[in-house]
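These are my notebook entries on a structure that I had not examined before. I looked up helix faces, backbone angles and ring contacts in turn.

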Amino acid sequence: MPRLASCSLRPWKKDILDSRQSGFRSLHSTVTALLDLTNQWCFNIDRGMISGVVFLDLKKAFDTVDHSLLLTKLEHVGVRGHSLEWFNSYLTNRYHFVYINGILSEQDMIKMWSPTGSILGPLLFLIYIKDLSNITDFATTRMYADDTNMTFTACSIEGLRHEMNADIEKLKQWLCANKLTLNILKTEYTC
C-alpha cells in the first residue's frame, strides 16, 4: 500500500485569528464588536476610570498587503511546505489590466494585494493584521476587518495621554513595518 504524503501544515492553533477580530468570522458581527466595546466602557465608568478610544481605518487595506510579509505570517501560523508553496503561487505572478470600450490597458504585475472577491482573501488579510493587537502596552484592541479601535483606560487625563501617545508610537512603527497606512480622514479619537 502506498504511503500517504505527510501534511505540510503544522497543527492549526486555535488562535489563528485574533480573539478580538469580529470581521469575516462565524458568530461575530459589528453588533458583537460594539457590545464588547460598550461593555468595557461601562465597566470603566463604574470603576471611576477615564476611557479614551482611537478609531483607526487602514487606507486601502486589502490592496496594500505585502506578499512576502503575508507568506512569513502564514508560516508563523503553521503553513509549511507544499501548502506554503501553493499560497506563494496563488499570490505571485499575477497581472491586472483594464478593458474599457474596446481598449485594453497595458498589463501590470500585482505586487501588493489580498483578493477581496474571494473567500480566501479576507482570511489572508485577518492573518496579515493579526499581530496588531499584540503591539500595545496599554490599549485593548478590537477589530472588525480593517477597522480597528484601541481603548485606553487610566485614572487621570495625564495618564490617559501618556498611554495613548506610547501605544500610538508603537502603532506607527507597526504600520511602517507592515507597509500599511492610516486613512487620516477616517481615523478619530475621543476621551
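**Entry 1: the two sides of a helix.** I began with the face of α2 turned away from its buried side, and I found the exposed residues T72 and H76 there. I took buried as under 20% relative accessible area, exposed as over 50% and partly exposed as in between, with a 1.4 Å probe and protein chains only. Helices are DSSP runs of H or I with at least four residues, strands are runs of E with at least two, and both are numbered from the N terminus. The model is predicted, so local features need pLDDT of at least 70 and side-chain atom pairs count only at pLDDT 80 or more, while totals for chains, interfaces and linings use all residues. Residues are numbered from 1 along each chain as its sequence is written, and side-chain values use heavy atoms, with hydrogens and water left out.

Which residues of α2 are buried? In this helix, residues 67–76, I listed H67, L70, L71, K73 and L74. They lie on the same side of α2 because their arc around the axis is only 165 degrees, the arc being that of the directions from the helix axis to the C-beta atoms. The buried residues of α2 pack against α3 (81–91) and α4 (120–129), where contact means heavy atoms within 4.5 Å.

**Entry 2: a charge over a ring.** I noted that the charged end of K73 sits over the ring of Y128, 4.8 Å from its centre. The rule asks for NZ of Lys or CZ of Arg within 6 Å of the ring centre and within 35 degrees of the ring normal.

**Entry 3: aromatic pairs.** Rings of Phe, Tyr and Trp (its six-membered ring) pair if their centres lie within 6.5 Å; planes under 30 degrees apart are stacked, over 60 edge-to-face and the rest tilted. I counted two aromatic pairs by this rule. The rings of W86 and F87 are edge-to-face, because their planes stand at 85 degrees, with centres 5.1 Å apart. The rings of W86 and Y90 are stacked, with centres 5.2 Å apart and planes at 10 degrees. Both W86 and Y90 lie in helix α3, four residues apart, about one turn of the helix. W86 is partly exposed at 47% relative accessibility, whereas F87 is buried at 13% and Y90 is buried at 17%.

**Entry 4: positive phi.** Just after α2, I found G78 with a positive phi of about 120 degrees. N101 is not a glycine, yet its phi is positive at about 50 degrees. I placed N101 in the loop between β3 (99–100) and β4 (103–104).
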